[in-house]
Amino acid sequence: MDYLSTRFRHLFGEVKNVQRFFCPGRVNLIGEHIDYLGGLVLPMAISLGITALIVPNKSTKIHVHSTDFDETIEFNLGSLPIAKQKHWSDFILGVLLHLREQGDELSGCDVLLDSNLPKGAGLSSSAALEVLSYFMFHSVFKGKEPNRTQMALDCQKIENEFVGLNCGIMDQFAVANGKENQAIVLNCSSLDHEFVPISLADYTFLIINTNKPRTLAESAYNQRRSECGESLNIISKQRHIENLTEATLRDLELISDPILKKRTRHAITEQLRVQDSIAALSTGNLKAFGKLMNESHASLRNDYDVSCDELDFIATNLQNNSDCLGVRMTGAGFGGCCVALVNSKMVKNISKPLSETFKARFGMSPSFYDCKPSHGVHSIT
Ligand code: GLA
């Protein structure tokens with residue numbers, strides 16, 4: 001019996017027919033702050049994620065234990081709170097309320113959650129918890145898997161309306177639909193998507209977590225969204241465009257405010273970089289892709305103003321290392337992680353000195369994760 005089964009038995013007693021589910025986190029390879037602008041993004045699900053063990057308990061209560069928080073939460077199905085509790089379990093509560101509203105019959109069960117995905121690090125731990133809960137409860141209560149695109153949309157709605165975070169669709173979509181060895185090209189307006197094979201030969205994606213809490217991220221995120229909304233209004237008065245990512249560099253002339261101009265330039269150039277990245281990755285041109293990653297970081301730092309000293313330190317350090325083809329901040333910014341394309345044989349040689357200089361400068365060590373493109377949420381048999 002493995003560690004999680006033992007833990008489950010210890011918490012909930014001897015039980016048979018325990019089902020297991022896993023939902024990965026995601027890393028966005030390029031196309032940052034583009035999903036809510038309706039453009040193309042290029043994320044992949046990663047091998048780190050959350051595992052759930054679940055068994056019906058023939059009661060009207062759902063117990064959820066998180067090994068991370070070492071806490072058990074009880075939901076009484078007869079009296080589910082209808083507002084968020086400002087607690088990690090809000091993502092699960094939001095899903096339960098949504099499924100019930102949809103007409104699903106909920107019944108009691110015991111759940112154990114165990115995660116190796118760092119929380120609040122820009123690797124979509126919230127989306128993973130929502131999508132895992134949705135997929136697992138839907139599978140257990142209805143006996144079949146949900147439609148993955150609808151699930152991603154529902155989870156984004158739960159996050160926007162119930163939890164109150166104004167995110168785009170990328171994270172939920174990526175953790176729901178990821179495929180092994182492939183990145184997802186997602187059109188965030190139409191949700192049309194295709195997969196690009198990731199064949200990295202001697203290279204690998206290394207994720208470097210600054211371990212800096214992303215305190216400013218939420219307010220700045222909303223501010224960037226509204227700045228982009230203003231730019232869209234200005235441009236679409238001159239010519240019809242639906243999304244800011246349809247604008248061209250010539251449209252920048254229509255914008256006089258210097259801040260709005262910078263934000264818009266990021267949206268336009270980042271979108272072009274996604275298109276070039278798809279071409280580069282499809283032909284295995286890793287050097288070209290690495291260069292686009294570096295340019296993306298510069299644009300997020302200089303034009304979109306969502307980087308921070310810790311992310312810039314990692315980016316600058318690795319951009320000067322010949323074993324790294326490219327590096328950029330990933331996720332919303334203001335902390336969280338960088339993703340780097342590095343020579344797989346040199347991971348230790350790269351991470352050790354970086355860890356030391358980072359610690360000397362910031363007083364804390366970064367964490368490193370070597371990640372492969374992985375399957376979206378699934379049951380484990
Ligand atoms: C967060 C949001 C996503 C996306 C990224 C930035 O991860 O949840 O929807 O906007 O930031 O690309």
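**Domains and helix packing**

Colleague: How far apart are the C-alpha centres of domain 1 and domain 2?

Modeller: Those centres lie 26 Å apart. Domain bounds come from an automatic or database domain assignment. This is a predicted model, where local features need pLDDT of at least 70 and side-chain atom pairs count only at pLDDT 80 or more, while totals for chains, interfaces and linings use all residues. Residues are numbered from 1 along each chain as its sequence is written, and side-chain values use heavy atoms, with hydrogens and water left out.

Colleague: Where is the chain divided?

Modeller: Domain 1 covers 3–197 and domain 2 covers 203–371.

Colleague: How many residues are in contact across the two domains?

Modeller: On the domain 1 side, 35 residues; on the domain 2 side, 42. Contact means heavy atoms within 4.5 Å.

Colleague: And how much area do domain 1 and domain 2 bury between them?

Modeller: About 2,900 Å², with 66% of it on carbon and sulfur atoms. Buried area is the accessible area (1.4 Å probe) that two parts lose on being put together, summed over both.

Colleague: Which residues of domain 1 lose the most area to domain 2?

Modeller: I30, H33 and L37. Together they account for 22% of what the domain 1 side buries.

Colleague: Switching to helices. At what angle do α3 and α4 pack?

Modeller: About 125°, with the axes 10 Å apart. Helix α3 is residues 125–142 and helix α4 is residues 148–163. Helices (H or I, at least four residues) and strands (E, at least two) are DSSP runs, numbered from the N terminus. Axes are lines fitted to C-alpha atoms, for helices over the stretch in contact, and angles run from 0 to 180 degrees between N-to-C directions.

Colleague: Which residues meet there, α3 to α4?

Modeller: From α3, S126, A127, E130, V131, Y134 and F135; from α4, R148, M151, D154, C155 and E159. That contact divides into six nonpolar, one polar and four charged residues. Ala, Val, Leu, Ile, Met, Phe, Trp, Tyr, Cys and Pro count as nonpolar, Asp, Glu, Lys and Arg as charged, and the others, Gly among them, as polar.

Colleague: What about α4 and α5?

Modeller: They pack at about 145°, axes 8 Å apart, with α5 at residues 170–177. The α5 residues in contact are Q172, F173, A176 and N177.

Colleague: Last one. How do the axes of α9 and α10 cross?

Modeller: At roughly 145°, coming within 11 Å. The contact of α9 with α10 has seven nonpolar, two polar and three charged residues.
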